[in-house]
Amino acid sequence: MIPNGSGLLPPPRDATGLAGTGRGEAGRDDAVADDTGLDNAGSNTAGLGPSSEVMADEVTVDWRPSRHARRLLTLAAAGLLLAVLTRNPALAGVAAPPLLILGMARFASTSGHSTSGRGARPGRVSVRVGLTASRMYEGEPVAADVAVKRADGYDIRWVLHPGKGIEPGSATAVNGQAARFAFRVPRWGKREVGIVALTLHDRWRLAEGRVSLILPAVGCYPSPAVQRTEVVLSKLPNRLGEHRARVPGDGTEFAGIREFVPGDRQRAINWPASTRLGRLQVNTFAAERSQDVVLLVDATSDVGTPGESALDLGQRGAAGAARAYLDARDRVGVITYHWGGAHWLAPSLGRRQVYKILDLLLTSDSGYARGAIFSRLPRAALPPGALVVAFSPLLDGRFVEALRDMRERGFALIVVDVLNAAPPVRRRSADVAAARIWHMEQDAIRFSLRELGVPVVAWDGKEPLDLPLAPYTRRRFA
Amino acid sequence: MTPRPAARLAVVASAVGSRLAALLLGAACVSWTASPLLHTGLAKTALVIAIIAVTAGGLRLAFADIPQPEDQFYLPGYQHAWLMLLALLRTLAWEETAVAATLWLEVQHPVRPWHTFALGAALLGYLLATHIAESGAEAGPLLRGHGRLLVAGACLLALGAGFAMIPAAAPGAGSAVLRVLAAIAMIAAAALVLPE
């Protein structure tokens with residue numbers, strides 16, 4: 001797992017409160033683990049901390065005979081039927097023990113009479129469900145806590161049926177009043193955690209009360225790529241920030257010396273230089289500015305192995321870049337390009353923006369955008385003079401055209417090429433020729449972008465983003 | 001923190017033990033009721049069905065922990081066949097079939113009350129072992145909960161066998177039916193009055 005690194009991005013579990021569920025630390029007073037003793041439920045998941053309640057409800061229990069009861073009934077019925085048919089009392093004796101057990105279970109359930117003090121079967125039970133986090137990064141362990149009340153005296157069994165894309169991290173079947181199921185989401189996206197089946201068994205285990213609980217969906221953020229350096233534009237907008245501009249200003253970084261003119265501050269006088277030159281000299285400082293950065297994610301082509309596909313790399317790269325530029329106090333926005341349109345988020349500052357960007361990136365999972373039309377994005381989505389960092393496998397011709405158009409409109413553009421797969425090739429000459437043509441086409445696309453002044457850097461998703469971007473982070477980017 | 005190897009070994013041994021016990025009890029029931037081997041058509045059919053059902057029930061328990069894959073599209077043929085076998089094992093009521101076939105096989109033999117008594121006890125044990133194996137319930141508490149009823153049931157089972165050994169008061173079919181009905185009535189009365 002890629003470490004969070006900066007102070008701007010808190011650990012994902014804190015994101016539960018930040019990203020809109022409305023539960024902060026104070027909301028954890030009602031944690032399921034606290035009042036049900038869930039800490040005993042699974043020692044290997046105790047490190048995940050307490051959970052926040054996401055559902056507490058009374059649910060109807062669907063009682064029905066168990067499989068064991070049906071088998072006993074078969075034995076009894078077969079014994080009695082054959083006894084009558086064959087006039088053999090010994091076969092009636094075979095039916096006696098199962099009949100006794102079935103009769104007793106029936107008697108206890110209908111009358112509520114029991115030496116153990118339990119009453120008739122409960123028609124409704126109180127169920128609570130909690131999650132240790134509703135948003136997490138890829139591969140991070142999360143736990144779902146479930147607990148039932150008003151089911152004393154019954155054998156309780158919980159079984160987790162994990163949803164698609166959910167990897168259980170602990171046993172999926174647990175006995176007891178409360179249970180904790182750990183799981184991981186190996187790939188980003190919005191995921192249904194699954195269904196927890198609660199089964200209540202009576203003392204005789206002949207009646208089963210069943211309840212199905214649908215666990216809430218969770219959002220899994222792409223693991224941010226490591227990026228510690230930033231590409232900085234040579235022309236920065238006139239806005240206070242942390243990047244050293246070429247123009248003099250009120251920054252803290254020394255830029256040079258010039259002759260004193262009336263109005264200069266006295267404390268800026270450079271006395272050694274003044275003594276040497278015989279005239280008053282003052283220090284000048286570089287202005288500090290911020291820039292607008294727009295991250296462009298091409299979600300039209302998801303090629304490659306799931307988990308390492310081009311879209312996965314694009315998402316992780318965009319998440320890492322968003323974190324790096326927001327750490328540098330830049331305004332960062334994002335545009336995700338889909339078939340038929342785009343989703344966008346206007347550039348902004350701050351910690352909340354990280355999560356807004358990550359939430360928007362999750363919408364790339366949907367495959368089809370109903371948002372803005374890509375060719376008519378509003379000015380807020382793509383402010384003039386912004387640095388555009390595109391993450392794309394460059395397989396969609398329309399996207400490449402959009403990049404060319406953007407460059408011709410004067411945007412400073414860098415393309416991070418995330419294509420890490422090629423079409424399968426058989427040993428037939430036609431296939432080999434087709435593969436060569438495909439590779440040549442890809443080279444031509446990249447060459448044409450470079451000719452327009454758009455650098456295209458390849459990134460494999462394993463190394464930090466700083467490495468491919470190094471030529472552009474060392475000097476100012478035009 | 002993962003469970004210690006010794007604890008994990010105990011859990012695995014318990015699961016394997018209960019499944020093996022169920023299979024062995026089923027096999028014992030079939031072999032007990034099949035001896036001496038009869039060569040009539042119905043007996044042979046019942047024996048084959050019982051063997052198949054007990055084997056399939058044992059396989060179902062053995063493969064109980066194998067999960068169904070999320071996507072079953074575009075699988076190779078052998079994997080598809082394997083999944084179909086698993087579905088077949090999990091869908092059909094093998095234990096019920098085994099019980100019915102075993103009792104039918106017992107009926108094919110001449111009346112032998114104490115043999116039937118032992119078969120009844122073994123069949124009940126087979127069903128309990130199967131339930132313990134498939135539900136993961138702890139055997140001790142479950143059997144303690146059933147203890148008194150099982151003892152009472154065994155007594156009634158013995159009574160049934162005893163009834164079968166009493167010679168008919170008068171020759172004819174009616175007296176045999178009366179003995180059966182008396183046994184059933186006694187069992188029903190015991191089930192109604194026996195305190196929990």
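Predicted model: local features only at pLDDT ≥ 70, side-chain atom pairs only at ≥ 80, totals over all residues.
Residues are numbered from 1 along each chain as its sequence is written, and chains are lettered from A and ligands numbered from 1 in the order in which they are written.

**View 1. The two chains and their secondary structure.**
Chain A holds eleven helices and 21 strands, whereas chain B has seven helices and zero strands; helices (H or I, at least four residues) and strands (E, at least two) are DSSP runs, numbered from the N terminus. Of the 478 residues of chain A, 44% count as buried, and of the 196 residues of chain B, 33% do. A residue is called buried if 20 or more other C-beta atoms lie within 10 Å of its own, exposed if 12 or fewer, and partly exposed in between, with C-beta atoms placed from the backbone. Among the contacts in chain A between residues at least 6 apart in sequence, 73% join residues at least 24 apart, where a contact requires that the C-beta atoms of two residues, placed from the backbone, lie within 7 Å. In chain B, residues 24 or more positions apart account for 84% of the contacts with a separation of 6 or more.

**View 2. The largest nonpolar core.**
A nonpolar core is a set of buried Ala, Val, Leu, Ile, Met, Phe, Trp, Tyr and Cys residues joined through C-beta atoms within 7 Å. The largest one has 101 residues, and those touching the most other members include Leu295(A), Ala322(A), Val334(A) and Leu403(A). Helix α7 of chain A, residues 310-327, gives the most to this core, with ten residues. Because domain 1 (12-61 + 121-221) and domain 4 (292-473) of chain A both give residues to this core, the core lies between them; the domain bounds come from an automatic or database domain assignment. Leaving aside neighbours within four places in sequence, Val334(A) is in contact with residues including Leu295(A), Ala318(A), Ala322(A), Trp344(A) and Ile357(A). A second, separate core of 63 residues includes Ala78(A), Leu80(A) and Leu82(A) together with Val30(B).

**View 3. A five-stranded open sheet in chain A.**
Five strands of chain A form an open sheet in the order β2-β12-β11-β6-β8, with antiparallel pairing; two strands pair if DSSP finds at least two bridges between them. The edge strands are β2 (62-65) and β8 (173-175) of chain A, each of which pairs on one side only. Within the sheet, strand β6 (residues 155-162) and strand β11 (residues 194-201) of chain A pair in the antiparallel sense over eight bridges, and the bridge partner of Asp155(A) in β11(A) is His201(A).

**View 4. A three-stranded open sheet with mixed pairing.**
A further open sheet of chain A has three strands in the order β4-β13-β10, and its pairing is mixed. Since β4 (135-137) and β10 (189-192) of chain A stand at the edges, each with a single partner strand, one side of each is left without a neighbour in the sheet. β10(A) pairs with strand β13 (residues 217-221) of chain A in the antiparallel sense over four bridges, and here Glu192(A) stands opposite Ala217(A) in β13(A).

**View 5. The surroundings of Leu465(A).**
Leu465(A) has its place in the loop between β21 (456-458) and α11 (466-473) of chain A, and it is buried, with 25 other C-beta atoms within 10 Å. Although Leu465(A) and Gln227(A) are 238 residues apart in sequence, they are 5.2 Å apart in space, C-alpha to C-alpha. Leaving aside neighbours within four places in sequence, Leu465(A) is in contact with several residues, among them Ala225(A), Val226(A), Gly317(A), Gly320(A) and Trp459(A).

In chain B, a cis peptide bond with omega of about -10° joins Ser35(B) and Pro36(B), and Pro36(B) has its place in the loop between α1 (5-34) and α2 (41-62) of that chain. Arg87(A), a residue other than glycine, has a positive phi near 55°; this residue is found in the loop between α3 (67-86) and α4 (89-94) of chain A. With 21 C-beta neighbours inside 10 Å, Arg87(A) counts as buried. Leu394(A), found in the loop between β19 (387-392) and α9 (397-408) of chain A, also has a positive phi, near 60°.
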